[in-house]
Each structure stands twice: as structure tokens, then as C-alpha cells.
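Student: Please take one part of this model, the aromatic side chains and their surroundings, and describe it closely.

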Amino acid sequence: MAHGPRYKLAFRRRREGKTDYRARYKMVETGKSRLVVRITTYHVIAQIINVGMNGDETLVSAHSKQLQKMGWLGGTSNTAAAYLTGYLCGKRALKEGIEEAVLDIGLRPAIRGSKVFAALKGAVDAGLNVPHGESVLPDESRIRGEHIREYAESLDEEELRKRFSKYLERGLSPVDLPEHFDEIKKRIDEEV
């Protein structure tokens, strides 16, 4: 650790690698709501947050676990779940009268086509106005899981059971993933 009279200890959340205060300050300075997307090992969380006098205020929230309550049988941390979570958050935000936000990805790297941008695409498709470049969004076929369908069709029966055991345990054939995705998206439209 550095010593001396000019050494300044960084804030705790910066030392822990949780907050980039410079980027946060720039976002807060805009005065707009933030679309905060966080990806954990097993889930995706999308929230619309405003800065308040006593800290951040969460206005709208969507969690990929809520997709399971709507009938989603796929994984809760994959690209399709990220899109659907962003879509659900966007629909709820519009219902609350929030029409625009700025994307906050935290300390995640901005990788083109990643799950963070799948959630962004979901929120934008729901009707939320979020500034972005079209080049960062994942392809529609990737979001719907068509690549998984193609891969599952190329496998024999034994290999399919081995590689997609969790899908099959939940009662979803990986070949039916794109249709199941469309069904859940329609259900979100109906419920919100």
C-alpha cells in the first residue's frame, strides 16, 4: 500500500471493483433515469433507477426469476432470458409513464452482442427510448435461440439428453426453444 501525505485511499466500492464513480457521475449528471442491467451467474436483473436525495430509487424492476412464473422453461441467465427480462422491464416502465432512460452496465465490458445488450434490445423493443448504436445489439436469431435449435438437431438422441438435460428436465425440447420464446413474449404483452 502507498504511504505519504499525498496518498488518498479510494472509496470502498471502487476498491472492491463494484463502482466506477467517474462513469456514474457522468450518468447521474444527465438527470435521466437509468436502465440498470446486471447479469449474475444464474439470473438477469433489469431496473429503472432514479437518483434521489437519500440514494438511488428503484422505480421499476424485472428479474429473470419472474419469467419462470410466466411459464419460461429455459435458463434464467442466457441471452433469451436477458432479452425477455429487458422486455418485461421496458413494458413495466411504459406502464409507469417512464419513456426514456440511459443504459447503465456497471463494470461489465461493453462486448458487442452480449447479454447486457440483449436486455437493452428487449427494453427498446418494448418501446423504451434508450440511446444506443445498432451495431452492439445481438442478432434476432441468436436472441430467439435458433442457433441452439440447429445444434440440437445435429445431435443424436443420447448426446441430446446429455447436453440438454436441464432443458429436458423442465419439459422443454431445445428444438422448440424459438417457439417457446415467442409464446412467452406474447404472454408478457398480455400480462403487462
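Tutor: Y21 is partly exposed, at 32% relative accessibility, and F11 is exposed, with a relative accessible area of 56% (buried is under 20%, exposed over 50%, partly exposed in between, with a 1.4 Å probe and protein chains only). The model is predicted, so local features need pLDDT of at least 70 and side-chain atom pairs pLDDT 80 or more, while totals for chains, interfaces and linings use all residues. Residues are numbered from 1 along each chain as its sequence is written, and side-chain values use heavy atoms, without hydrogens and water.

The structure contains five aromatic pairs (Phe, Tyr or six-membered Trp rings with centres within 6.5 Å; stacked under 30 degrees between planes, edge-to-face over 60, otherwise tilted). F11 and Y21 make an edge-to-face pair, with 5.2 Å between centres and 65 degrees between planes. This pair joins distant parts of the chain: F11 lies in the segment before α1 (12-15) and Y21 in helix α2 (residues 21-30), 10 residues apart (helices are DSSP runs of H or I, at least four residues).

Elsewhere, Y83, Y87 and F181 form one aromatic cluster.

Key. Helices (H or I, at least four residues) and strands (E, at least two) are DSSP runs, numbered from the N terminus.
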